[in-house]
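Have the structure open while you read.

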Amino acid sequence: VLILLLVAGVCGSVGQAIAGYSRGGCLVAIALGFIGALVGMWLQRLTQLPEPLAVDGFPVVWSIIGSVLFVAVVGFLTRGRRPAA
């Protein structure tokens, strides 16, 4: 379980770095890694492409791709908003 959390955290952090939008710390990166894995696996099934790298069944490459897409969408939706005074 700890290895999966570590891999998810790394994938989420890489996704945030590629997308150029970072919110939160380690727990947010872990959550982004798991959300990215869900989005990435959905894209993998849609495109029927293989998984080039998996750690304990966790899709690393597709998790990074999914987290980049998810972070980019979240960043696009929240960057234009200004906090209320």
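## Starting at Gln 16

Let's begin in helix α1, which is where Gln 16 sits. Keep in mind that we're looking at a predicted model. Is Gln 16 buried or exposed? Its relative accessible area is 9%, and since anything under 20% counts as buried, Gln 16 is buried.

What does Gln 16 touch once its neighbours within four places in sequence are set aside? The contacts are Tyr 21, Ser 22, Arg 23, Val 28, Leu 32 and Val 71.

## The overall layout

Zooming out, the protein chain has 3 helices and 2 strands. Read from the N terminus, the order is α-α-β-β-α. The C-alpha trace spans about 45 × 30 × 15 Å along its principal axes.

The chain has 85 residues, and 32% of them count as buried. As for contacts with a separation of 6 or more, 59% of them come from residues 24 or more positions apart.

## The nonpolar core

Which residues make up the largest nonpolar core? There are 7 in all: Val 7, Ala 8, Cys 11, Ile 30, Ala 37, Phe 58 and Val 60. Helices α1 (2–19) and α2 (26–47) each put in at least two residues, and α1 gives the most, with 3. As general background, nonpolar side chains in soluble globular proteins tend to be buried together.

Cys 11 is a handy core member to click on. Leaving out residues up to four places away in sequence, Cys 11 touches Phe 58, Val 60, Ser 63, Ile 64 and Ser 67.

How many aromatic pairs does the structure hold? The count is 1. The partners are Phe 34 and Phe 58, arranged edge-to-face, with 5.6 Å from centre to centre and 90° between the planes. Phe 34 belongs to helix α2 and Phe 58 to strand β2 (residues 58–59), so the pair ties together parts that are 24 residues apart in sequence.

Phe 58 has 6% relative accessibility and so counts as buried. Phe 34, at 34%, counts as partly exposed, because that category covers values between 20% and 50%.

## A nonpolar patch on the surface

Phe 34 turns up again on the outside. Together with Val 1, Leu 2 and Leu 5, Phe 34 forms a nonpolar patch on the surface. The four residues have about 430 Å² of accessible area together. So Phe 34, found in helix α2, is part of this patch and also pairs with the ring of Phe 58.

One more stop: Val 73, in helix α3 (residues 60–79). Is Val 73 buried, exposed or something in between? Its relative accessibility is 49%, so Val 73 counts as partly exposed; the exposed label needs a value over 50%.

How far apart are Val 73 and Ala 19? In sequence the gap is 54 residues, while in space the C-alpha atoms are 9.4 Å apart.

Key:
Residues are numbered from 1 along each chain as its sequence is written. This is a predicted model: local features need pLDDT of at least 70, side-chain atom pairs count only at pLDDT 80 or more; totals for chains, interfaces and linings use all residues. Side-chain values use heavy atoms; hydrogens and water are left out. A nonpolar core is a set of buried Ala, Val, Leu, Ile, Met, Phe, Trp, Tyr and Cys residues joined through side-chain atoms within 4.5 Å. Buried means under 20% relative accessible area, exposed over 50%, partly exposed in between (1.4 Å probe, protein chains only). Helices (H or I, at least four residues) and strands (E, at least two) are DSSP runs, numbered from the N terminus. Contact means heavy atoms within 4.5 Å. Patches are made of residues with over 30% relative accessible area and no salt bridge: like charges are joined within 9 Å, nonpolar side chains (Val, Leu, Ile, Met, Phe, Trp, Tyr) within 5 Å. Accessible areas come from the Shrake-Rupley method with a 1.4 Å probe; for residues, only the protein chains shown count as cover. A salt bridge is a side-chain nitrogen of Lys or Arg within 4 Å of a carboxyl oxygen of Asp or Glu. Rings of Phe, Tyr and Trp (its six-membered ring) pair if their centres lie within 6.5 Å; planes under 30 degrees apart count as stacked, over 60 as edge-to-face and the rest as tilted.
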